Amino acid sequence: MSVVENTISVRRSARYFTLGDPESNEVWLVLHGYGELAAEFIEHFGVVAREHFVIAPEGLSRFYHTDHKRVGASWMTREFREAEIADYLVFLDAVYHEACRADARLTVLGFSQGAHTACRWAASRPSVHQLILWGAGLPKDLNERGLQGSVGHAGITIVVGSRDRFLNEDDLESDVERANDMGVPTRIVRFAGGHEIDSEVLERIASGP
């Protein structure tokens, strides 16, 4: 007798947080990293919300940290991976359509685990003005077409701290080459710091070139 895996789709509640003027035609959709909560993550974006509307969805899976006091969220794990990716893509689409003006110019920023989430969602969108990957690069499973036709002339910005232990130079160079092969302009922004959001760098990027 063998165990049979079954799947079923269910309705569930999800949440997102916003900061700034919802009537702005400049929107930033920001995706937190592993073990964070969106309400805390969005607090980094006060400098962005002065001129832009910021939307921070929260990963669909929440859990207790090892101290059992703090709660964090995750976008996916390797268990039931493809279904979790499909679920969060549907979720992000729903947030976008509910919270964004149809004529808004969209920037997507993903931090750490949220960077891969941002890439996969941006690849499914018809138009993203710019994609910012902070503390992570491109996911390995991004297909050969990848982000071609999805990301605008502003392209991809990869932000990396000098003490970020989760990134190395070989991976960065490989990601830039992959993006170039997709026809997407890519730049690397460096700062003196670790695996973290730096407010000065964030403000400089939000202000544009």
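Me: Which residues lie nearest the centre of the second largest pocket?
Reply: In this predicted model, the second largest pocket has a lining of 17 residues. Its volume is about 350 Å³. The residues nearest the centre of this pocket are S112, Q113, H116, G135 and A136.

Me: Which element gives the most to the lining of the second largest pocket?
Reply: Two elements, α4 (113-123) and α5 (169-181), each give two or more residues to that lining. With 4 residues, the one that gives the most is α4.

Me: Which helix gives the largest share of the lining of the largest pocket?
Reply: The largest pocket holds about 510 Å³ of space. Among its 18 lining residues, V10, R12, L60, A83 and D87 are closest to the centre. By class the lining has 9 nonpolar, 5 polar and 4 charged residues. The largest share, 5 residues, comes from helix α3 (residues 81-99).

Me: Is I156 buried or exposed?
Reply: I156 sits in strand β8 (residues 156-161). Beyond four places in sequence, its contacts include L131, L133, L138, L147 and V151. The relative accessible area of I156 is 1%, and the cut-off for buried is under 20%, so I156 is buried.

Methods:
Residues numbered from 1 in each chain as written. Predicted model: local features only at pLDDT ≥ 70, side-chain atom pairs only at ≥ 80, totals over all residues. Heavy atoms only, no water. 1 Å grid on protein atoms, 1.4 Å probe; cavity = no way out; pocket = protein on both sides within 12 Å on 5 of 7 lines; lining within 4 Å. Points joined across faces, edges and corners; volume = space filled by probe spheres on them. Nonpolar A, V, L, I, M, F, W, Y, C, P; charged D, E, K, R; others polar. Buried < 20%, exposed > 50% of the residue type's maximum accessible area, 1.4 Å probe, protein only. Contact = heavy atoms within 4.5 Å.
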